[in-house]
Amino acid sequence: MTQKVAVLGTGKIGEALLSGMIRGGWAPADLLVTARRAERAEELRTRYGVTPVTNVEAAKTADTLILTVKPQDMGTLLDELAPHVPADRLVISGAAGIPTSFFESRLAAGTPVVRVMTNTPALVDEAMSVISAGSHASEADLAHAEEIFGAVGKTLRVPEGQQDACTALSGSGPAYFFYLVEAMTDAGILLGLPRDKAHDLIVQSAIGAATMLRDSGEHPVKLRENVTSPAGTTINAIRELENHGVRAALIAALEAARDRSRELASGSNTK
């Protein structure tokens, strides 16, 4: 943990990563940050004791660069960084849809690049971060990325060809659950419950169900069957979900997210 790590474009996810790393034992003196606005950089310095720098300074001095800017801004950032990034720097990209080859073609030959797709539960140390190696990334580079992102949740290594699918499932995944909770809350109101009580019932049910999925080792079908008694309330609800094509809609939605990730990778309509 004596290496210097720089987070470039420190938004909410970048800040969550910084916070988790500090709790995990990184010294604030070894953490550098860049931000578009000077007041944002100063806010991070005050809150965490980290050092604000320019993008060029980060490229020259940090051992690991974590790029957390939006996908549409990544090309501009790389143009700025490329003349200053030695080939022994580890570059970690957190941008959805952009392949490691995009970085390798713009940086010095042999630069190790690791692609990471994390998600917003990093804000509460429950992220799912999916890690893939570029052409020049070593086992040590992957382990270092796991150490960093393990500070804010779980990590999983996959071949880069699976990254678009992982983006659809876990990168965008929290939004689907929020959407479901929103819909169930509205249903609770329709059934006569106050919004706050409906919200509390659904959120705790979601936490309990997720914990059972994680800890029981049971297949989700088995867990669902345990709740579904003959001619009961649950099977009637499941029937309506099937009648309305919810399963098919979810599959179609994930395919759409996967396809959009591929569009980003191809540079098509990156806004």
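Reader: Okay, starting with F102: is F102 buried, partly exposed or exposed?
Author: F102 is partly exposed, with a relative accessible area of 22%. Keep in mind that this is a predicted model.

Reader: And what about F103, buried or exposed?
Author: F103 is buried, because its relative accessible area is 0% and the cut-off for buried is under 20%.

Reader: How many aromatic pairs are there?
Author: The count is 1 aromatic pair. The ring centres of F102 and F103 are 5.7 Å apart and the planes are at 80°, so this pair is edge-to-face.

Reader: Switching to helices. At what angle do the axes of helix 8 and helix 9 cross?
Author: Roughly 130°, and the axes come within 9 Å. The two helices are therefore oblique to each other, and their crossing is right-handed.

Reader: Which residues meet there?
Author: From helix 8, V181, M184, T185, D186, G188 and I189 meet R195, A198, H199 and I202 in helix 9.

Reader: New topic: what's up with phi of D125?
Author: Phi of D125 is positive, near 60°, and D125 isn't a glycine. D125 is found in the loop between strand 6 and strand 7, and counts as partly exposed at 29% relative accessibility.

Reader: And where does A231 lie?
Author: In the loop between helix 10 and helix 11. A231 has a positive phi too, about 55°, although it is not a glycine. At 77% relative accessibility, A231 counts as exposed.

Notes. Residues are numbered from 1 along each chain as its sequence is written. This is a predicted model: local features need pLDDT of at least 70, side-chain atom pairs count only at pLDDT 80 or more; totals for chains, interfaces and linings use all residues. Side-chain values use heavy atoms; hydrogens and water are left out. Rings of Phe, Tyr and Trp (its six-membered ring) pair if their centres lie within 6.5 Å; planes under 30 degrees apart count as stacked, over 60 as edge-to-face and the rest as tilted. Buried means under 20% relative accessible area, exposed over 50%, partly exposed in between (1.4 Å probe, protein chains only). Axes are lines fitted to C-alpha atoms, for helices over the stretch in contact, and angles run from 0 to 180 degrees between N-to-C directions. Helices (H or I, at least four residues) and strands (E, at least two) are DSSP runs, numbered from the N terminus. Angles under 35 degrees count as roughly parallel, over 145 as roughly antiparallel, 65 to 115 as roughly perpendicular and the rest as oblique. A crossing is left-handed if the near helix is turned anticlockwise from the far one by less than a right angle, and right-handed if clockwise. Contact means heavy atoms within 4.5 Å.
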